[in-house]
Amino acid sequence: MFLSLGFSANDTKLILEAQQYIVIFERIEEQITGYNAQTDPEVIRQLNIQVYQAAASIWAYKRKVLGLILRCQIVSNNYPLLVDHTSREAAYFVKRLRELNEGKLRPLPEAIIKENVFFLKIMADHAKFIGHLLDPSERKLVDQARAFSHDFDQLLFQAQDLEHMRPQSETVPLLDQFLDQNRVSVVSLRDFKKTARDLIEACRIKSNIHPLLADHVFREADRFLHIIDAFEESLTSQKA
């Protein structure tokens, strides 16, 4: 939806493709609401395959759009980094679905760091998008967004350094500290996003941010916190 809103009126084919993906994922979402904890695992596996194929397809579409923008073949109101950002999210979803179908559920120390690298980059991108899409007159909010962008860039660099060190299971205390530090920053960003979302929905700040985009970035920060909780629980069980 966000991509389709950013295209010019002449890009009818790209807009139509985007709208087709909206229909595809809405249908899958409706299908999922009929499932419960007692659903046959084979049914769930087939669902994962269906979603995997749809997610892989939309990833290819997003990369195509990014290429068109970078080659100046289309003019879009979507930043190239935003299109790349959404393609990385699709690739992450594809990878996670594949892991689930292969039975890879328990995160290893190295996987924990990789997951944090991914989400810290996502959070840093969000702060940059917010800062650029707010009206320049919203000076205080713009400054806050820029500060979050800097903070998450630093956290990302730190996580990448740790990833290169490749800590093993015996360095669980180091990973605990790593997750605790990330949690504090993500909570602050999540709360900032929630405030911005509420203000946008109430038409109390000036911006080019669609209310659904504001809600989208808030939900992703909230999701990151749930993932940190799951990692900490996994590390605790490893200690035991």
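The model is predicted, and local features need pLDDT of at least 70, side-chain atom pairs count only at pLDDT 80 or more, and totals for chains, interfaces and linings use all residues. Residues are numbered from 1 along each chain as its sequence is written, and side-chain values use heavy atoms, with hydrogens and water left out.

Colleague: In which loop is C72 found?

Modeller: Most residues other than glycine have a negative phi. C72 has a positive phi of about 60° although it is not a glycine, and with a relative accessible area of 67% it is exposed, where exposed means over 50%, buried under 20% and partly exposed in between, with a 1.4 Å probe and protein chains only. Helices here are DSSP runs of H or I with at least four residues, numbered from the N terminus, and on that numbering C72 is found in the loop between α3 (41–70) and α4 (80–101).

Colleague: What is the phi of C203?

Modeller: C203 is found in the loop between α7 (172–201) and α8 (211–239), and at 68% relative accessibility C203 counts as exposed. Although C203 is not a glycine, its phi is positive, at about 55°.

Colleague: Which residues make the nonpolar surface patch of about 270 Å²?

Modeller: A patch of this kind joins nonpolar side chains (Val, Leu, Ile, Met, Phe, Trp, Tyr) within 5 Å, taken from residues with over 30% relative accessible area and no salt bridge; areas come from the Shrake-Rupley method with a 1.4 Å probe. L5, which is found in helix α1 (residues 2–6), is exposed with a relative accessible area of 51%. The patch of about 270 Å² is made by M1, L5 and L212.

Colleague: How much space lies in the largest cavity?

Modeller: A cavity is a set of points, on a 1 Å grid over the protein atoms alone, where a 1.4 Å probe fits but cannot get out, and its lining residues have an atom within 4 Å of a point. The volume is the space filled by probe spheres set on the points, which are joined across faces, edges and corners. By this rule there is one cavity of 30 Å³ or more, and the space in the largest cavity is about 100 Å³.

Colleague: Which helices each supply at least two residues of the lining of the largest cavity?

Modeller: The residues that line the largest cavity include H126, F129, K193, R197, L213 and V217. By class, the lining has nine nonpolar, one polar and two charged residues, with Ala, Val, Leu, Ile, Met, Phe, Trp, Tyr, Cys and Pro counted as nonpolar, Asp, Glu, Lys and Arg as charged, and the others, Gly among them, as polar. The helices that each supply at least two lining residues are α5 (109–133), α7 and α8.

Colleague: Which residue forms a salt bridge with E163?

Modeller: A salt bridge is a side-chain nitrogen of Lys or Arg within 4 Å of a carboxyl oxygen of Asp or Glu. E163 is buried, with a relative accessible area of 19%, and its closest N and O atoms with the partner are 3.0 Å apart, the partner being K114.

Colleague: How far apart are the closest N and O atoms of R183 and D229?

Modeller: R183 counts as partly exposed at 22% relative accessibility, as does D229 at 34%. In the salt bridge between R183 and D229, the distance between the closest N and O atoms is 2.5 Å.

Terms used
Patch = residues over 30% accessible without salt bridge, like charges linked within 9 Å, V, L, I, M, F, W, Y side chains within 5 Å. 1 Å grid on protein atoms, 1.4 Å probe; cavity = no way out; pocket = protein on both sides within 12 Å on 5 of 7 lines; lining within 4 Å.
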